[in-house]
Amino acid sequence: MMHTLEVDLGDRSYPIYIGAGLLEQQGLFAPHVAGRTVMVCTNTTVGPLYLERILGTLQLAGAKAAHSVVLPDGETYKDWPTLQRIFDALLTQHCDRKTVIVALGGGVIGDMAGFAAATYMRGVPFIQVPTTLLSQVDSSVGGKTGINHPAGKNMIGAFYQPQAVVADIATLNTLPDRELSCGLAEIIKHGAIADTDYLLQVEQWMPRLLARDAEALALVVKRSCEIKADVVSKDEREGGLRAILNFGHTFGHAIEAGMGYGQWLHGEAVGCGMVIAAQLCLRMGRLSADEAARLKKIVIEAKLPAIPPALGVDRFLELMAHDKKNDAGAIKYVLLSGLGKASTSPADEALVRQTLTDLGAG
Ligand code: NAD
Ligand code: MG
């Protein structure tokens, strides 16, 4: 069973294929790689699990040659020296402008390999093979690629769309539980900002999703990609609407930064950030107590933290003021007006302070 979804971006449109066992489907890769040299970028965790399999599929799909580069694993390696290793591998193998780069891994590999594809020889074709739930529902859709700088995350990058995304649900069977929950945070977010029916489905299916039921996961990946693709196709370069995808992220980024990157995973911080944002919406009269409580319950059921760390209210506000998504200093919040409807708005600082204090962040 395979789902196909078309991301509608004019002449940069591309398909997303979703299903279990797609790493073995040579027919999905053949139109993009037949007669071409391919460079698979992966890391030391994902490589031993899936690299041989995809190289075999690429050969069967008619690739002229299939090379690979295996990078160290971790967000700290989403950096310039590691990017350079991709270019080194491409140049060593005499890869030309027709070479196809394949990203096999989570969002770190996808962002970095995508940026390499955007810049190598001024741009070569690129296929995303996301292997984390987060990368399947989030980072592989939307065309943002890039690396971190010591001064900030994702500071160097480009918008660059892939030729195709192949999301093999079977790869999620080896994903650590915490990483699975991180993907669920973004999935809950998609329901909360755009689709209450979907939020209800995610709520009802939570046990199946946690048990990695392939059918439930595939349908959820599909719906989440649809929601993100819909937002992105209306606002590819983040002029306005795309900002609603940051629901939970303003508070979440403060938690990630305040605790020290890597202590709380991104999705964990976003889960908790959504609980805080919902509480703020409740104080502002935008959500009912039932709605805020329901969102919190879904976050907890996804095995995500719902209680913010006691960073102190001043520290929270200071960290949020540094968020790069802000406009000219004013903190921009993504707020719900009822579940399923989101918009960006400033918020009264006193209400934000009360919200954080109530939740124990003070
Ligand atoms: P990740 O790439 O670090 O993967 C998480 C961990 O899981 C890593 O240790 C990885 O090696 C391992 N892993 C991956 N697939 C596995 C599998 N199938 N089995 C076992 N282990 C596996 O993290 P992520 O959450 O996928 O992505 C986070 C990154 O994505 C961040 O750098 C973030 O900035 C970026 N991101 C980008 C966008 C975008 O629009 N481009 C959106 C969201 C996030
Ligand atoms: Mg996110």
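Strand β2 (residues 14–19) and strand β9 (residues 164–168) pair in the parallel sense over 4 bridges, where strands are DSSP runs of E of at least two residues, helices are runs of H or I of at least four, and both are numbered from the N terminus. Two strands count as paired if DSSP finds at least two bridges between them. Within this pairing, Y17 has V166 of β9 as its bridge partner. The model is a predicted one, in which local features need pLDDT of at least 70 and side-chain atom pairs count only at pLDDT 80 or more, while totals for chains, interfaces and linings use all residues. Residues are numbered from 1 along each chain as its sequence is written, and chains are lettered from A and ligands numbered from 1 in the order in which they are written.

The two strands belong to an open sheet of 7 strands, whose order is β1-β2-β9-β6-β5-β3-β4 and whose pairing is mixed. At its edges stand β1 (2–7) and β4 (65–71), each of which pairs on one side only, and the twist from one strand to the next averages 15 degrees. Angles here run from 0 to 180 degrees between N-to-C directions, with axes fitted to C-alpha atoms, for helices over the stretch in contact.

Helix α4 (residues 107–119) lies across β3 (37–43), β5 (100–105) and β6 (126–130), and runs at about 170 degrees to β5. Helix α8 (residues 214–234), in turn, lies across β1, β2 and β9, and runs at about 5 degrees to β1.

The helices α6 and α8 pack at an angle of about 50 degrees, with their axes 10 Å apart, which makes α6 oblique to α8; angles under 35 degrees count as roughly parallel, over 145 as roughly antiparallel, 65 to 115 as roughly perpendicular and the rest as oblique. Their crossing is left-handed, a term used if the near helix is turned anticlockwise from the far one by less than a right angle, with right-handed used if clockwise. In this contact I187, H190 and A194 of α6 meet V220, S224, I227 and K228 of α8, two residues being in contact if their C-beta atoms, placed from the backbone, lie within 7 Å.

A further partner of α6 is helix α7 (residues 196–210), packed at an angle of about 155 degrees with the axes 8 Å apart, which makes α6 roughly antiparallel to α7. On the α6 side the contact is made by L184, I187, I188, H190, G191 and A192, and on the α7 side by Y198, L199, V202 and L209.

For "binding site", an unreviewed UniProt entry lists E186, H249 and H266. These residues span 81 residues in sequence, yet no two of their C-alpha atoms are more than 10.0 Å apart, so they gather at one spot. UniProt positions are given in the numbering used here, feature names are shortened, and annotations may be inferred rather than shown by experiment.

Helix α10 (residues 266–283) and helix α13 (residues 349–358) pack at an angle of about 125 degrees, their axes lying 9 Å apart, which makes α10 oblique to α13. The crossing of α10 and α13 is right-handed.
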